Amino acid sequence: DDAVFIIETSNLTEGWKTLSDSRMWRHMMGTKFFADINSDALSMDSLIRGNKTMDMLFSGRRLMISAHMTRPDDYDFLFAVDMKKASKVTWLKDYIGDLVGNFGFEMNKRDFLGTEIIMLEDLSSPDVLSISFIDNVLVCSYTPSLVEKSIQQKDAGYWEKNEPFQAVTGELDDETLFTFYLNYRQLYAYLRCY
């Protein structure tokens, strides 16, 4: 309910390919402001493009990325991927466990309100990625409280009950590669970061 903005794509792999191949993206990645994002984006790009398992898992999936204020002067992202079938969720949990050691991560698990949160600690940095599966949706963030809040609000239906939001989404074409939603109520807090 506190998303500053949401970026949505109905096809993760096609959306990422189109975005990462665009002139606008290449220009943005060349600026100092996006330097950190660039290294993460290049890692993600090589992981998605060069891994048949990742391609099988994420090809054609719906993805939503939301930005949330985490402190008065900082924000972070929550990623949500619709895995469509529960069988893929179980398989992916096992796959994460197998991958962890190969990429220099340590895995821990904890319970939050009856839902398992997997924490992947990068042994070469202070970063910890929190991952959870809420029904058939994979959610993850480097800010654990965002994953916890998504678990708390999973049945709240905030966006489904929001009439202005529903009116806007009802007018959109399902074939749109990307959709960008801006929550004006959160905009001032977000702009204070800059």
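Predicted model: local features only at pLDDT ≥ 70, side-chain atom pairs only at ≥ 80, totals over all residues.
User: What holds the strands of a sheet together?

Analyst: Backbone hydrogen bonds pair the strands, either parallel or antiparallel. Take strand β1, residues 5-9, and strand β2, residues 63-71. They run antiparallel and are joined by five bridges.

User: Which residue in β3 is the bridge partner of Leu63?

Analyst: Val81. Strand β3 covers residues 74-82 and runs antiparallel to β2, with eight bridges between them. β2 and β3 form a hairpin, and two residues lie between them.

User: What is the strand order of the sheet?

Analyst: The order is β4-β5-β6-β7-β3-β2-β1-β8. This is an open sheet of eight strands with antiparallel pairing. The edges are β4 (105-112) and β8 (179-182), each pairing on one side only. From one strand to the next, the twist averages 20 degrees.

User: How many bridges link β5 and β6?

Analyst: Five, in the antiparallel sense. β5 spans residues 115-122 and β6 spans residues 128-134.

User: How do side chains point along a strand?

Analyst: In a regular strand they alternate between the two faces of the sheet.

User: Which strands does helix α6 lie across?

Analyst: Helix α6, residues 144-152, lies across β2, β3, β4, β5, β6 and β7 (137-141). The helix runs at about 10 degrees to β6.

Methods. Residues numbered from 1 in each chain as written. Heavy atoms only, no water. Pairing = 2+ DSSP bridges. Helix = DSSP H or I, 4+ residues; strand = E, 2+ residues; numbered from the N terminus. Axes fitted to C-alpha atoms, helices over the stretch in contact; angles between N-to-C directions. Contact = heavy atoms within 4.5 Å.
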